Amino acid sequence: MSVLEILGQVLIVAGGLVFLTAALGIVRFPDVYTRISAVGTAAGLGIVLVVTGALLMQPGISNAVKVAVIIALQLATSSVGSMAVARSSYLIRTPMRAKAFHELADLDARVADGDGSPQTSEQPSERGEAH
Amino acid sequence: MSIITWPVRLVWFAIWFATRVVISNATVVWDNLTPGQRSDPGVAILPTRCRTDAELTVLAALITLTPGTLTLGTSRAASDDSPRDLYVHGMYHPDAESLRRELRDIEGRMLHAMRRQGGPQ
């Protein structure tokens with residue numbers, strides 16, 4: 001077994017572990033925002049590790065091009081998808097648990113009182129209380 | 001700064017960002033694997049220095065790709081040219097200011113790499 005193959009297998013296993021921790025994050029994190037954080041990361045980083053590992057096991061120009069396209073598309077779509085889910089969660093007022101600071105809610109409150117800037121009134125003006 | 005160093009800056013930024021992602025991913029994994037929750041979730045408003053939609057989109061995507069931070073949305077622009085705010089959810093920062101400081105670091109480096117003439121650091 002060549003060095004490249006060993007390195008490739010290490011990367012693939014590392015990618016699998018990233019997915020495993022993301023699954024654990026879904027179970028253990030308290031609310032929808034932290035869970036999306038965990039999954040969005042894994043979808044980006046995990047896939048990159050797995051396809052790079054596969055490339056090292058079967059190196060070649062055409063495979064390298066495919067891997068480059070996969071990485072670019074995967075990073076773009078996983079982050080845009082995460083943002084879409086997170087944004088819609090916020091817009092339907094999914095509560096945030098154990099929050100240390102929340103400037104957006106402060107902004108919403110100011111907009112609701114009528115002295116916030118009008119162009120930021122896209123978000124809902126009131127949110128469910130967090131526990 | 002000139003157009004000649006542009007590709008170098010882009011590649012350097014890609015390497016820097018990849019290292020960052022790995023480091024902050026380790027934080028998330030460690031929090032995940034050890035008992036209890038150390039996270040301090042919160043939402044901060046980040047006033048950006050992005051001039052175009054492309055820059056804002058890339059910044060929002062980079063923030064989401066960094067483990068522990070997540071873009072929730074943007075403000076509406078007052079006019080076509082005025083900069084917009086990003087609403088960012090962070091998991092490992094005690095207050096909004098420290099989260100903003102980290103995000104401004106990413107933003108400065110991203111703009112410096114993306115703009116042909118160089119950008120704010």
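Helices (H or I, at least four residues) and strands (E, at least two) are DSSP runs, numbered from the N terminus. This is a predicted model, in which local features need pLDDT of at least 70, side-chain atom pairs count only at pLDDT 80 or more, and totals for chains, interfaces and linings use all residues. Side-chain values use heavy atoms, without hydrogens and water.

**View 1. Chain B runs α-β-α-β-β-α from the N terminus on.**
The chain holds three helices and three strands. Of its 121 residues, 49% count as buried, meaning under 20% relative accessible area with a 1.4 Å probe, protein chains only.

**View 2. Four strands form an open sheet with mixed pairing.**
The order is β1(A)-β1(B)-β3(B)-β2(B). Two strands pair if DSSP finds at least two bridges between them. β1(B) and β3(B) pair in the antiparallel sense, over six bridges.

Axes are lines fitted to C-alpha atoms, for helices over the stretch in contact, and angles run from 0 to 180 degrees between N-to-C directions. Helix α3 (residues 61-91) of chain A lies across β1 of chain A together with β2 of chain B. That helix runs at about 65° to β2(B).

**View 3. B:T71 lies in strand β2 of chain B.**
Is B:T71 buried or exposed? At 1% relative accessibility, B:T71 counts as buried. Its contacts include A:M83 and A:A86 from chain A, and B:I63 and B:V88 from chain B. B:V88 is 17 residues away along the chain, yet the two C-alpha atoms are separated by 4.5 Å. The side chain of B:T71 also makes a polar contact with the side chain of B:T64 (3.3 Å). A polar contact is a pair of N or O atoms within 3.5 Å; within protein, one must be able to donate a hydrogen and the other to accept it, and residues adjacent in sequence count only if both atoms are side-chain atoms. A polar atom of the B:T71 side chain lies 3.0 Å from the backbone oxygen of B:A60.

Definitions and conventions: Residues are numbered from 1 along each chain as its sequence is written. Chains are lettered from A and ligands numbered from 1 in the order in which they are written. Contact means heavy atoms within 4.5 Å. Buried means under 20% relative accessible area, exposed over 50%, partly exposed in between (1.4 Å probe, protein chains only). Lists of a residue's contacts leave out its neighbours within four places in sequence.
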